[in-house]
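Biologist: Could you walk me through this one, chain by chain and then in close-up?

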Amino acid sequence: MNNEQVIIFDAVSKSYPLYHHITGGFKNFLFHFPRAVSQMKNHQYEALHEISFQVCRGETFGIIGKNGAGKSTALGLIAGVLKPSKGTISVKGRVSALLELGSGFNAELTGRENIVLNGVLLGLTRVEVMHKMEEIIEFSGLGQFIDQPLRTYSTGMMMRLGFSVVSSLDPEILLIDEVFAVGDMEFQKKCMDKLESFKKGGVTIVYVSHGMQTILQTCDRVIWIENHRVRMIGSAQEVVSSYVDAGL
Amino acid sequence: MRSFDNYRDLITVLTHKEMKVRYKSSVFGYCWSVANPLAFAFVYYIAFKIIMKIQMEDYTLFLIAGLFPWQWFGTSVVSAPMIFLANSSIIKKVNFPRNIIPLTTVLQDMIHFLLSIPVIIGFLFIYHRTPSLSWLYGIPLLLLIQLIMTYGAALLVSSINLFFRDFERLISILITLVFYCTPIIYPETMVPEQLRALIYCNPLSPLIVSWRNLFIHGTLDPAALAMGFAYSLVFLAAGHLIYRKLSWKFAEVL
């Protein structure tokens, strides 16, 4: 591990206006115009408040905290799909994300077509994806299901496909949001082995989980987010034991 | 950051996906894009030629030459409100240029339009006419103008609809209005003299009239062409302005 910082959060805040006023449509918005405008201006939902941390290349960085603490927002900010309201974020390298199940996939397309779709979305060309195709299918262990539309897949199978795609397409920064739990024992072990080889290969991993055991096993450092703020940053051992002591 | 090759593949893969998701298969999609304007042509033929007895020669050919290009614009714009919503799972996950999604929708409808040109040729032959050599430069020119215009409109509509989800209903009403204000089922020459200038306030009018004259007579009016091009740039600019203002919030509202 060297000390080049690939992810830098500098006093990052993220707040959302209450979008339901407008997503309800023009009609709603106009009928409740004064209230809608004042609420959108003054009531913002703050998902993260002045978060700062750095992740070095090749490090495995854990994010823990209660549901709704802001962990997924942090991942979205790293992935670049969200913009911070305040503060600056710098991310160096291609980000591959393994977020909620089935995200990034289309239910009508077959497994094979979804692999191509995900590959080009991540920035590869079709030829590059084709070269990896057999490897991905092999790793997923999906067999003939690979040519079936995704809507016929079980959650475990979707996770298999998702992880196989992301892990085979040379990630530089890998974001993982608690998805392994739905895989069977055999595939979970396969994933863990793969993560281990990524760590050796210098891939930066950001890992969100509620499983303290896995966090302890895989992460070098951990950030604990509570109530949208940083409660603690430190070595995995340190943070996890205080988290457990806090009885959460 | 992304290479040109990646952009090209992104567009081809997404266009293919769009086709598959919307029509289940490309053959079905093609049939739809041909059958729909043909059915409308049939209805208008009955209503205006047989019942209202409009005084026009080759009215069926006239209808078809205008309805096919309209079909492209209409389908793209009517389906635009839903396209970001339908792709929410990739928008929330990967950071890629989101305007590629409306572009692929429009390209897909353009491909269907291109594939339906042989049907127009078939009707030309029925009416003892032949395609003209001017098609060789006329079709690419008009394609470009309509592509820019439709893409701009689709970008505008799809971006706004993410924030105001009932925009979709407004659009379906608006598109019906625009259809009847465009000289598709009637020739622009039948519009009363004092209203004729008004017809050209509709951005679709110069475009559709140009397509029809090109298909039937093989002529291309430079003035109409220039007007259509100017309108298409306005659409593109408006679409991009709104998109640039809103696109970074897409993942928040989805």
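This is a predicted model: local features need pLDDT of at least 70, side-chain atom pairs count only at pLDDT 80 or more; totals for chains, interfaces and linings use all residues.

Modeller: Residues are numbered from 1 along each chain as its sequence is written, with chains lettered from A and ligands numbered from 1 in the order in which they are written.

Biologist: How many helices and strands are there in chain A?
Modeller: Helices (H or I, at least four residues) and strands (E, at least two) are DSSP runs, numbered from the N terminus. On that count, chain A has 10 helices and 9 strands.

Biologist: And what does the secondary structure of chain B come to?
Modeller: Reading along the sequence of chain B gives α-α-α-α-α-α-α-α-α-α-α. The tally for chain B is 11 helices and 0 strands.

Biologist: What radius of gyration does chain B have, next to that of a compact globule?
Modeller: The radius is taken over C-alpha atoms, and the globule rule is 2.2 Å times the number of residues to the power 0.38. The C-alpha atoms of chain B fill a box of roughly 55 × 40 × 35 Å along the principal axes. For 254 residues the rule gives a value near 18 Å, which agrees with the radius of chain B, 19 Å.

Biologist: What about the radius of gyration of chain A?
Modeller: Along its principal axes, the C-alpha box of chain A is roughly 55 × 50 × 35 Å. A compact globule of 248 residues would come out near 18 Å, and chain A agrees with that at 20 Å.

Biologist: Of the contacts in chain B between residues at least 6 apart in sequence, what share joins residues at least 24 apart?
Modeller: Two residues are in contact if their C-beta atoms, placed from the backbone, lie within 7 Å. In chain A, residues 24 or more positions apart account for 72% of the contacts with a separation of 6 or more. For chain B the share is 77%.

Biologist: Which helix gives the most to the side of chain B that touches chain A?
Modeller: The contact takes 26 residues from chain B and 32 residues from chain A. On the chain B side, H1 (4–23), H4 (88–91) and H11 (250–253) each supply at least two residues. The biggest giver there, with 8 residues, is H1(B).

Biologist: Are H6(A) and H7(A) parallel, antiparallel, perpendicular or oblique to each other?
Modeller: Helix H6 (residues 126–140) and helix H7 (residues 155–168) of chain A pack at about 140°, with axes 9 Å apart. Axes are lines fitted to C-alpha atoms, for helices over the stretch in contact, and angles run from 0 to 180 degrees between N-to-C directions. Under 35 degrees is roughly parallel, over 145 roughly antiparallel, 65 to 115 roughly perpendicular and the rest oblique. This pair is therefore oblique.

Biologist: Which residues of H7(A) does H6(A) meet?
Modeller: H6(A) brings A:Lys132, A:Glu135, A:Ile136, A:Phe139 and A:Ser140 to the contact. Across from them in H7(A) are A:Arg160, A:Leu161, A:Ser164, A:Val165 and A:Ser168.

Biologist: Is B:Ile148 buried or exposed?
Modeller: B:Ile148 sits in helix H6 (residues 135–163) of chain B, and beyond four places in sequence it contacts B:Ser232, B:Leu233 and B:Leu236. A residue is buried if 20 or more other C-beta atoms, placed from the backbone, lie within 10 Å of its own, exposed if 12 or fewer, and partly exposed in between. With 20 such neighbours, B:Ile148 counts as buried.
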